[in-house]
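Please look over the structure below with an eye to how its parts touch one another.

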Amino acid sequence: MNEYTFPILFGVVIGTIARIIMLKTDYRQYPTYLHGKIIHLALGFIAAGLGSVAVPAIMEKEFTAITFLTIAASQFREVRNMERNTLSEMDSYELVPRGNTYIEGIAVAFESRNYLVIFTALITTLAYLVWNVYIAVIVTIGAYIIIRKFMSGSTLGDIVDIEHAEVSFEGAGLYVDNIYIMNIGLPARQKEIMKYGMGFILTPKTFDVRSTIANLGQRQAILHDVSVSLGVFRDSGTPALVPLIKRDLDDGRIGVFILPQDKDVEKAMNVISSVPVLENAIRMPSESKAAHKE
Amino acid sequence: MQLEKAILATITTNANKVTAGGSIFICETKEEMDKVAANLEAILDGISHALSDELYIIVKH
């Protein structure tokens with residue numbers, strides 16, 4: 001035991017708790033219960049240890065110890081690759097796949113959350129060593145607020161207006177409102193779609209949002225989340241019964257066609273509204289230099 | 001080169017609408033055409049698209 005023992009322990013515990021808070025298993029059921037979680041908790045513990053030890057190392061003028069953080073960074077990049085590979089493998093077995101953009105978003109989140117753990121452990125240990133345990137507790141609360149902020153990105157409800165729309169056929173053409181979805185030839189299939197299908201129109205609130213919801217990865221994420229939350233009326237070998245999203249080229253609206261097992265309109269609108277806006281899909285055409293020119 | 005979409009079969013009640021090439025199924029009635037198309041859709045894992053009242057194609061997407 002020395003003067004660094006309690007500050008380091010404090011940092012490790014707070015860092016690990018931070019990882020537990022960020023490791024939320026929700027409707028996406030990922031990471032799967034227990035085994036998947038253990039991997040990430042163990043890595044979170046290691047990240048917390050690295051963050052905590054960095055401060056005493058600097059105080060003891062052991063500056064080379066900081067290089068360990070770079071090793072940690074490369075290890076956590078491996079976490080990102082691991083998540084990407086696992087989810088990509090699993091995606092081929094989904095009735096409605098997540099899509100690569102969604103998978104990349106999840107993988108990036110797993111990597112970045114380890115850095116947040118390092119940051120939390122580092123500042124709480126620093127506060128403990130420089131001041132005292134009470135200040136460290138206050139800093140912990142501040143770190144918790146920062147973590148919550150970084151965890152919650154925007155959702156579709158923030159950027160689009162969602163309304164329920166009729167699904168209809170004109171000849172063999174399937175439409176959601178006036179947006180053409182696909183050609184369904186068989187009358188029997190058309191009957192199934194009229195019975196189980198639901199349509200929604202997503203209208204962008206700003207010009208920038210048009211590009212974001214046009215992104216194919218963002219559209220696939222909507223279909224995946226809706227299918228997970230409401231079920232999907234399809235099986236392997238029924239490609240005609242596939243949820244689809246198509247775009248109105250005139251005004252950038254998108255028509256969402258889904259085949260849910262739970263046909264609750266309110267619930268479906270809530271699910272669509274809660275779909276995360278994928279970082280990789282966000283575009284800001286209004287921020288371009290050309291847009292600012294008179 | 002990998003083909004993303006392909007016409008797997010053509011089903012028609014009007015033989016004059018199709019020529020040789022690919023798998024063509026000529027049916028007597030619209031009901032028969034619907035039945036053949038439904039079976040082919042399931043067997044080939046494709047989608048039946050109607051080009052007209054007397055011509056369906058099964059497409060692999």
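In this predicted model, 13 residues of chain B are in contact with 9 residues of chain A. On the side of chain B that touches chain A, the elements that give two or more residues are helix H1 (30-44) and strand S3 (47-52) of chain B, and of the elements there H1(B) gives the most, with 5 residues. Sorted by class, this side of chain B has 6 nonpolar, 4 polar and 3 charged residues.

Elsewhere in chain B, strand S1 (residues 6-12) takes part in two pairings, which are set out below with a pair of facing residues for each.

Across the boundary between them, 13 residues of domain 1 of chain A are in contact with 17 residues of domain 2 of chain A. The side of domain 1 of chain A that touches domain 2 of chain A has, by class, 6 nonpolar, 4 polar and 3 charged residues.

How many residues does the largest nonpolar core have, and which of them have the most contacts inside it? The largest nonpolar core has 52 residues, and those with the most contacts inside it are A:Ile222, A:Val256 and A:Ile272. This core draws at least three residues from each of domain 1 (5-152) and domain 2 (157-286) of chain A. Apart from this core lies another, of 29 residues, which includes A:Ala18, A:Leu43, A:Ile46 and A:Ala136.

The surroundings of A:Val256 can be given in more detail. When its neighbours within four places in sequence are left aside, A:Val256 is in contact with A:Val176, A:Gly199, A:Phe200, A:Leu202, A:Ile222, A:Ile245 and A:Ile272. Among these contacts of A:Val256 are A:Ile222 and A:Ile272, which are named together with A:Val256 as the residues with the most contacts inside the largest nonpolar core.

How values were computed
Residues are numbered from 1 along each chain as its sequence is written. Chains are lettered from A and ligands numbered from 1 in the order in which they are written. This is a predicted model: local features need pLDDT of at least 70, side-chain atom pairs count only at pLDDT 80 or more; totals for chains, interfaces and linings use all residues. A nonpolar core is a set of buried Ala, Val, Leu, Ile, Met, Phe, Trp, Tyr and Cys residues joined through C-beta atoms within 7 Å. A residue is buried if 20 or more other C-beta atoms lie within 10 Å of its own, exposed if 12 or fewer, and partly exposed in between; C-beta atoms are placed from the backbone. Domain bounds come from an automatic or database domain assignment. Two residues are in contact if their C-beta atoms, placed from the backbone, lie within 7 Å. Ala, Val, Leu, Ile, Met, Phe, Trp, Tyr, Cys and Pro count as nonpolar, Asp, Glu, Lys and Arg as charged, and the others, Gly among them, as polar. Two strands pair if DSSP finds at least two bridges between them. Helices (H or I, at least four residues) and strands (E, at least two) are DSSP runs, numbered from the N terminus.
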